[in-house]
Amino acid sequence: HDLDVMWLDLDVFLFQSPTPTVARQLSRSYEAPDLLISGSFAVDCICSGIVVFRATERTEQWLEHLLVWMYEHPYEHDQKAFSAFLRAGERVAFDHELPVPEERVPRWDFLDPETEFVSARHVDVAGWTGDPDKIVAFHLLHGDSDDSAASRQFAARFGLGVGYTPLLDLFFNRTELPELYKTPILPHRASDELREALWRSRWPSPRPASPGRCNETVPMRF
């Protein structure tokens with residue numbers, strides 16, 4: 001229907017409208033990507049928590065193949081499948097077993113994972129740095145997988161507090177801060193508590209110029 005779509009996980013908190021930032025990124029490219037996706041701070045892994053799907057034939061066909069494959073392989077992780085189908089690093093099958101040949105993969109690019117489309121530092125490759133006023137979306141990484149023993153140990157080792165913090169409860173349903181949802185005020189300017197929570201995920205240095213390579217994970221069926 002010629003409508004571009006932005007997918008946001010439930011645990012993504014918008015600091016400001018993403019439309020101008022996405023439009024600028026698409027306009028900078030000679031051949032605009034078919035798909036934009038969020039990523040990790042310290043490695044070049046995708047994160048399917050924020051995805052812009054452009055209304056192109058290539059994107060439509062690719063996504064249809066992905067959804068059918070995931071339906072037929074319910075044991076596999078959706079983000080791993082997303083990565084594998086984009087040829088972005090992770091694997092869910094041998095390359096020749098995937099229904100979309102590499103030449104039919106949509107053109108894609110990362111949304112800025114350093115300052116604009118960032119994530120909570122609950123795992124060792126996440127986080128953000130730079131000017132907090134430029135943050136567009138903050139992926140809270142809320143859920144059991146990010147409250148694992150490994151995540152808690154990482155948080156303790158790097159001085160990120162006692163470990164995993166359920167940020168969803170901090171950023172949403174703040175009835176005492178109606179301006180947080182009704183005005184353009186940024187969370188870190190609305191509340192000291194939200195500022196401290198945001199700062200716990202901040203790296204003191206810029207994103208590596210050459211982020212580490214995303215691990216080629218083993219398919220679940222092996």
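Tutor: A search of the whole structure finds twelve aromatic pairs. This is a predicted model, where local features need pLDDT of at least 70 and side-chain atom pairs count only at pLDDT 80 or more, while totals for chains, interfaces and linings use all residues. Residues are numbered from 1 along each chain as its sequence is written, and side-chain values use heavy atoms, with hydrogens and water left out.

Student: Why is the pair of Phe 13 and Phe 15 called edge-to-face?

Tutor: Rings of Phe, Tyr and Trp (its six-membered ring) pair if their centres lie within 6.5 Å; planes under 30 degrees apart are stacked, over 60 edge-to-face, and the rest tilted. The centres of Phe 13 and Phe 15 are 6.0 Å apart and their planes stand at 85°, so the pair is edge-to-face. Ring pairs also link Phe 13, Phe 15, Phe 138, Phe 171, Phe 172 and Tyr 181 into a cluster.

Student: How do you know whether Phe 13 is buried or exposed?

Tutor: Buried means under 20% relative accessible area, exposed over 50%, and partly exposed in between (1.4 Å probe, protein chains only). Phe 13 has 5%, so Phe 13 is buried. Phe 15 is also at 5% and therefore buried.

Student: What makes Thr 21 buried?

Tutor: The relative accessible area of Thr 21 is 10%, so Thr 21 counts as buried. Leaving aside residues up to four places away in sequence, Thr 21 touches Glu 116, Phe 117 and Val 136 (contact means heavy atoms within 4.5 Å). Thr 21 belongs to helix α1, residues 19–28; helices (H or I, at least four residues) and strands (E, at least two) are DSSP runs, numbered from the N terminus.

Student: Why are the buried residues of α2 said to line one face?

Tutor: Those residues are Thr 59, Trp 62, Leu 66 and Trp 69. Seen down the axis of α2, they fall within an arc of 100°, so they line one face of the helix; the arc is that of the directions from the helix axis to the C-beta atoms. On the other side of α2, the exposed residues are Glu 57, Glu 60, Glu 64, Tyr 71 and Glu 72.
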